[in-house]
Amino acid sequence: MPLRTTRARSAPRTTGAPGEPDTPGATGTPPTARNRAPRAGRRGEGFWGWLFVSPMVIVLGLFLVLPILMALWVSLLHWDGQSNPFSGRADFVGLDNYRALLTEDGLDRTLFATSLRNNAYYVLLTVPLQTIVALGLALIVNQKILRARGALRTTFFFPSVTSSIAVSTVFLFLFQGSGAVNSLLSWIGVKGPNWFADPRGVLSMVLGDLGVVDPEKPTGVLANHSFMGLSWFEWLSGPSVAMCTIILLAVWTTSGTFMLIFLAALQDIPRELEEAAALEGVNRRQLLRYVTLPALRPVLFLVLTLGLISTWQVFDQVYVMGQGAPGNTTLTPAFLSYSSGFDNADFGQGAAIAFILLALILCLTVFQRWALRERGERSGRKR
């Protein structure tokens, strides 16, 4: 019987991209169909992601974004708080509230400039002092040979969790004219001032003692030139004695919180870096400068940023300890915003002060980020 030869059916062959061999047995799915499935998966992941975060987005929108937009609208009105700001009863004044604070001569601009001056000195002294004190405390309690480290950490952190109103009230008694602080100073022959009733600027007092300028009757360039309603001498007179007391309070109550932040960062530094530095024969000062501080750069930026924001928003200590007195030398923009709205029934101007303060904080934060950036140049390979 003759043999029948059968030819096996070969599997279908597909044609790939030019330059690629044909693939036997492939289904021949076009590239567009293959890319469709990952895109659909990403869309599904995005939908479920937004679904899970939607409660928090709604909460932030209702209680953060919406009030900010409403306050921005109020800053464009002359509103006394007795009517609906979105009705026709509130007078729309546009940017008049901002002009009265920044460009127009008058009491409003003078008070705002005074509050900026006071708060600027408050920030310039409080932020460096609380950062240095917090870093020093963190270095102390991070020593393994130190006994009772836990008790010391609790002691240093305790003022930070105490009510600021209670601490401010205690400071009022301590720094009275016949208080405990002046009593201690009298033991060493120093007559303490009446702290919360002394409006003199510390820098002007020093210049007066040196004979450079007469604090009572300044003359020359410092007295003949002005900016935003204040003479140059008033800008450069320094914080008042009363404001220095509030600065001491702020440093004492905030250093504990920043100490914990620095302490966590110190404990996260690899032990190998310190051991390698010890093998090189560096001393403690060199170890702090070349090993510890570079490793703490991100945390240092965090602490300075938090300190900058909180010091520009100081309110409760000023409200309890002086409310701007004596002579508006403890007046701050946050308290001036509150006073404009709730004391003078001018919520439009109060909201305008708040937004100017917001813009100032954002600009200073950006500048601080630029100033603390890495100075090393990143050199890439050029091909």
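The lining of the second largest pocket has 16 nonpolar, four polar and no charged residues; Ala, Val, Leu, Ile, Met, Phe, Trp, Tyr, Cys and Pro count as nonpolar, Asp, Glu, Lys and Arg as charged, and the others, Gly among them, as polar. This is a predicted model, where local features need pLDDT of at least 70, side-chain atom pairs count only at pLDDT 80 or more, and totals for chains, interfaces and linings use all residues. Residues are numbered from 1 along each chain as its sequence is written, and side-chain values use heavy atoms, with hydrogens and water left out.

A pocket is an open set of points on a 1 Å grid over the protein atoms alone, where a 1.4 Å probe fits, with protein on both sides within 12 Å along at least five of seven lines; lining residues have an atom within 4 Å of a point.

Of the 20 residues lining the second largest pocket, Ala71, Ser337, Gly350, Ala351 and Ala354 lie nearest its centre. Two or more lining residues come from each of α1 (31–74), α15 (333–343) and α16 (347–371); helices are DSSP runs of H or I, at least four residues, numbered from the N terminus. The largest share, eight residues, belongs to α16.

Now the largest pocket. Its lining of 17 residues has Asn142, Gln143, Arg271, Glu274 and Leu287 nearest the centre. That lining divides into seven nonpolar, four polar and six charged.

Last, helix α5 (residues 164–174): Val167, Ser168 and Phe171 are buried, meaning under 20% relative accessible area with a 1.4 Å probe, protein chains only. They lie on the same side of α5, because their arc around the axis is only 100 degrees, taken from the directions from the helix axis to the C-beta atoms.

Technical notes:
Buried < 20%, exposed > 50% of the residue type's maximum accessible area, 1.4 Å probe, protein only.
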